[in-house]
Amino acid sequence: MQASRSITTTASGRMSTQVTVHRMVTTTTTSAFLINVGYLKTFPGILKIFQVLLGCVVVGITGHYIHWTSRSQQFVPELFFLLIATACLITTSLLLFSCLCSIATASIIPKTLFVVLLHATLAYLLVCSSINLLREVVARNEGYKIYERGYNSKIFSGALGLVNCALYVLSSIYSVRTFRRG
């Protein structure tokens, strides 16, 4: 901004000031993509990272040990668990990525009832599917000296599902507190 000033004296001896202002407006556009890395340092961000990582492991293990055979009805518990674990992984990943890509999202969404209901629902579905998987796999192999292919991995996957469920419960509790604060 530039300003020029000229001072003149009138016949009555008063000074009169005339100011001319020149403004220059510049606009810039940027194509930079900013990532909200500060979100990763918060408690909900850390929980979501662990939920996504555990979800990837669970989906990978469970998906690897499902084989379609003539007795494919045998794998209904594994498919149910895989469906729920995949749904949890996708929704948590989308929530994490939206909070990373937008500061407004990271500050607004945790204060909504949506996150409370989402985490509570995911925790409930994951605990049901994990317990069902563990119960069915153990019952199917009870009394056998040689377990089915991937028995230990399926048990491990179900146990990781329960750990991930505990993380969703923690997220749900934190979301309730954030929702109440407003």
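1. Lining of the largest cavity. Helices α1, α2, α4 and α5 each supply at least two residues of this lining. The largest share, four residues, comes from α5. In total 14 residues line the cavity, and P44, K48, V115, H119 and S175 lie nearest its centre. Its volume is about 100 Å³. The structure holds two cavities of 30 Å³ or more. A cavity here is a set of points, on a 1 Å grid over the protein atoms alone, where a 1.4 Å probe fits but cannot get out; lining residues have an atom within 4 Å of a point. Points are joined across faces, edges and corners, and a volume is the space filled by probe spheres set on them.

2. Basis. This is a predicted model: local features need pLDDT of at least 70, side-chain atom pairs count only at pLDDT 80 or more, and totals for chains, interfaces and linings use all residues. Residues are numbered from 1 along each chain as its sequence is written, and side-chain values use heavy atoms, with hydrogens and water left out.

3. Chain layout. The chain has five helices and two strands. From the N terminus on, the order is β-β-α-α-α-α-α. Helices (H or I, at least four residues) and strands (E, at least two) are DSSP runs, numbered from the N terminus. Of the 182 residues, 34% are buried. Buried means under 20% relative accessible area, exposed over 50%, partly exposed in between (1.4 Å probe, protein chains only). Among contacts (heavy atoms within 4.5 Å) between residues at least 6 apart in sequence, 69% join residues at least 24 apart.

4. H119. This residue sits in helix α4 (residues 113-141). H119 counts as buried because its relative accessibility is 2%. Its side chain makes a polar contact of 3.3 Å with that of S175. Such a contact is a pair of N or O atoms within 3.5 Å; within protein, one must be able to donate a hydrogen and the other to accept it, and residues adjacent in sequence count only if both atoms are side-chain atoms. Not counting residues up to four places away in sequence, H119 touches K48, L95, Y168, S171, S172 and S175.

5. Q51. Helix α1 holds Q51. Q51 is buried, at 1% relative accessible area. With residues up to four places away left out, Q51 touches T92, N164, L167, Y168 and S171. Q51 and A166 are 115 residues apart in sequence, yet their C-alpha atoms are 9.7 Å apart.

6. Nonpolar cores. The largest has 19 residues; V58, F81, C88, L122, L126 and Y168 touch the most other members. Helices α1 (43-64), α2 (76-101), α4 and α5 (151-181) each supply at least two of its residues. The largest share, six residues, comes from α4. Apart from this core lies another, of seven residues, among them L89, L96, C99 and A106. A nonpolar core is a set of buried Ala, Val, Leu, Ile, Met, Phe, Trp, Tyr and Cys residues joined through side-chain atoms within 4.5 Å. Beyond four places in sequence, the contacts of F81 include V58, T62, L126, S129 and L133.

7. Cysteines. A search of the whole structure finds zero disulfides (pairs of cysteine sulfur atoms within 2.5 Å). C99 is buried, at 1% relative accessibility. C101 is partly exposed, at 44%.

Note on methods:
On a 1 Å grid over the protein atoms alone, a cavity is a set of points where a 1.4 Å probe fits but cannot get out, and a pocket is an open set with protein on both sides within 12 Å along at least five of seven lines; lining residues have an atom within 4 Å of a point.
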